[in-house]
Each structure stands twice: as structure tokens, then as C-alpha cells.
Amino acid sequence: MNPLALLGLGLVLGIRHATDPDHVVAVAAISARTRRLLPATMLGAVWGLGHSLTLFVVGGLILAVTHPVAFLCLLAAFVALLAWLLPK
């Protein structure tokens, strides 16, 4: 299957998952702790990053088992990116 089609399918399914009632209620409950926009936005963003981190870890483990050379290349690219982002 076309990799772009898979990415598109993942995006559509992810958006559908994020707008499920249980997720909308969870984000609303978390963000209702404050009446200010910025802290509520930050809480929602951290919650979303937690979901993304889980997907990256599970996807990375699957990639490591099925394609170890590609996984090591991705790890090397990630380390290079972090080294570039760190303050000099």
C-alpha cells in the first residue's frame, strides 16, 4: 500500500479517535481546572503529547523488531536532531 495513503488513513483515524466523546470530555474536564486560555491550552497539549509519545514508543518497538536497520537510522537522526537543538 502507498505510504502516503497509510499516513492519511492514520491521520483520519487519529482525528476520529481524538473527537470521540470520551476524549472530548476528558480534555474538557482537564482544561476546566482553569479559566485562563493559556494554562488550559498547555494542559490539553501535554495530554495530547502523552498520547503521541505512546504511539511513538509502540511504533518504535514494532519498527525495531521488524526493521532493525531502519530503526537504528531513525535513532541516529533523532540524536542528531537533539544535538542540533541543544544550546551551544
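Predicted model: local features only at pLDDT ≥ 70, side-chain atom pairs only at ≥ 80, totals over all residues.
**Helix 2 and helix 3**

Helix 2, residues 21-31, packs against helix 3, residues 37-66, at an angle of about 135 degrees, and their axes lie 8 Å apart. Angles over 145 degrees count as roughly antiparallel and those from 65 to 115 degrees as roughly perpendicular; helix 2 and helix 3 are therefore oblique to each other. The crossing of helix 2 past helix 3 is right-handed. On the helix 2 side, the contact is made by H23, A26, V27, I30 and S31, which meet A40, L43, W47 and H51 of helix 3. Six of the residues in this contact are nonpolar and three are polar, with no charged residue.

**Pockets**

| Pocket | Volume | Lining composition |
|---|---|---|
| Largest | about 480 Å³ | eight nonpolar, three polar, no charged |

The largest pocket is lined by S52, L55, F56, V58, G59, G60, I62, F71, L74, L75 and F78. Helix 3 makes the greatest contribution to this lining, with seven residues, and both helix 3 and helix 4 (68-85) supply at least two residues each.

Helix 1 (3-18), helix 2 and helix 3 each provide at least two residues of the lining of the second largest pocket.

H51 also belongs to the helix 3 side of the contact with helix 2, and S52 is also among the residues lining the largest pocket.

Terms used: Residues numbered from 1 in each chain as written. Heavy atoms only, no water. Axes fitted to C-alpha atoms, helices over the stretch in contact; angles between N-to-C directions. Helix = DSSP H or I, 4+ residues; strand = E, 2+ residues; numbered from the N terminus. Parallel < 35°, antiparallel > 145°, perpendicular 65-115°, else oblique. Left-handed = near helix turned anticlockwise from the far one by under 90°. Contact = heavy atoms within 4.5 Å. Nonpolar A, V, L, I, M, F, W, Y, C, P; charged D, E, K, R; others polar. 1 Å grid on protein atoms, 1.4 Å probe; cavity = no way out; pocket = protein on both sides within 12 Å on 5 of 7 lines; lining within 4 Å. Points joined across faces, edges and corners; volume = space filled by probe spheres on them.
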